[in-house]
Amino acid sequence: MDYRTSEGTAGPRGEDLLPASVAAAVKVVIVGGFGVGKTTMVGSVSEIRPLTTEETMTQAGVGVDDIAGVERKTETTVAMDFGRISLNDKLVLYLFGTPGQERFWFLWDGLFEGALGAVVLIDTRRLEVSFDAVGRLEERGVPFVVAVNAFPGAPVHPTAELRAAMDLPDSVPMIDCDARDRASSRDTLLALVRYLQSLHTVTPETP
Ligand SMILES: Nc1nc2c(ncn2[C@@H]2O[C@H](COP(=O)(O)OP(=O)(O)OP(=O)(O)O)[C@@H](O)[C@H]2O)c(=O)[nH]1
Ligand SMILES: [Mg+2]
């Protein structure tokens, strides 16, 4: 199909179209607990205008949503975030950010469907909010990397301690990131893709 993108005509904008060279499009989910930076990461790295379903947090959430540690947060994802990034001219990632609040977790199963990999964002002030995401990925056998999102004043722990606290095997990559920074978010996704590739690389058995 031939889309015209000049002003005033219908159809997607030029930057929305995929180049003909793209050979693989991979679904990746960005997960983690409430307020760890999922929407921020999808927004910073996406090359198309991200779709977000942010709603203002209201009094209705008081007593239901645990905002300890993120008291200044005013908006929250109620369904999902969606974005896209071309890592090179052949590989495109479709990014799906999950909602973080417990009352929307029933949406996760649908969002995980068909995902080849995941980024679990963690905030070292509130590690426990991302435990459930890790558990669900493990249950479903979705490979993931863990990205430590740098929040001001958040304690810095040695990687080994964080791994132990998250009960992560050594094989799962753990990277530092700043979800607000495009290059840092892109590096995190590259680390995930490298990890996924390593899982598919067959190591010859020694006789
Ligand atoms: N300092 C700092 N602030 C961040 C970073 N990432 C996100 N934030 C801020 O933290 C707040 C929460 O970020 P969101 O991206 O909404 O978090 P979320 O995980 O999508 O939240 P829910 O959808 O409600 O679960 C926002 O005010 C962001 O600006 C980061 O890397 N560093
Ligand atoms: Mg969000």
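**Entry 1: ground rules**

I call a residue buried under 20% relative accessible area, exposed over 50%, and partly exposed in between (1.4 Å probe, protein chains only). The areas come from the Shrake-Rupley method with a 1.4 Å probe, and for residues only the protein chains shown count as cover. I am working on a predicted model, where local features need pLDDT of at least 70 and side-chain atom pairs count only at pLDDT 80 or more, while totals for chains, interfaces and linings use all residues. Residues are numbered from 1 along each chain as its sequence is written, chains are lettered from A and ligands numbered from 1 in the order in which they are written, and side-chain values use heavy atoms, with hydrogens and water left out.

**Entry 2: the fold**

I looked up the secondary structure and found five helices and eight strands. Helices (H or I, at least four residues) and strands (E, at least two) are DSSP runs, numbered from the N terminus. Read from the N terminus, the order is β-α-β-β-β-β-α-β-α-β-α-β-α. Of the 207 residues in the protein, 42% are buried.

**Entry 3: around ligand 1**

Next I checked polar contacts (pairs of N or O atoms within 3.5 Å). An N or O atom in the side chain of T76 is 2.5 Å from an oxygen atom of ligand 1. A backbone N or O atom of G37 lies 3.0 Å from an oxygen atom of the ligand. On the nitrogen side, a polar backbone atom of A150 is 2.8 Å from a nitrogen atom of ligand 1. Taken alone, ligand 1 exposes 650 Å², and the protein buries 83% of that.

**Entry 4: a buried glycine**

I picked G97, which is found in strand β5 (residues 91-97). Is G97 buried or exposed? G97 counts as buried because its relative accessible area is 0%. Its C-alpha atom is 8.7 Å from that of T77, 20 residues apart along the chain.

W105 is in the loop between β5 and α2 (108-112). At a relative accessible area of 14%, W105 is buried.

E47 lies in the loop between α1 and β2 (54-56). With a relative accessible area of 25%, E47 is partly exposed. E47 and R84 are 37 residues apart in sequence, yet their C-alpha atoms are 5.9 Å apart.

My last stop was D167, in the loop between α4 (159-166) and β8 (174-177). D167 counts as exposed, at 65% relative accessibility. I noted its phi too: near 55°, a positive value in a residue other than glycine. Most residues other than glycine have a negative phi.

Notes:
A polar contact is a pair of N or O atoms within 3.5 Å; within protein, one must be able to donate a hydrogen and the other to accept it, and residues adjacent in sequence count only if both atoms are side-chain atoms.
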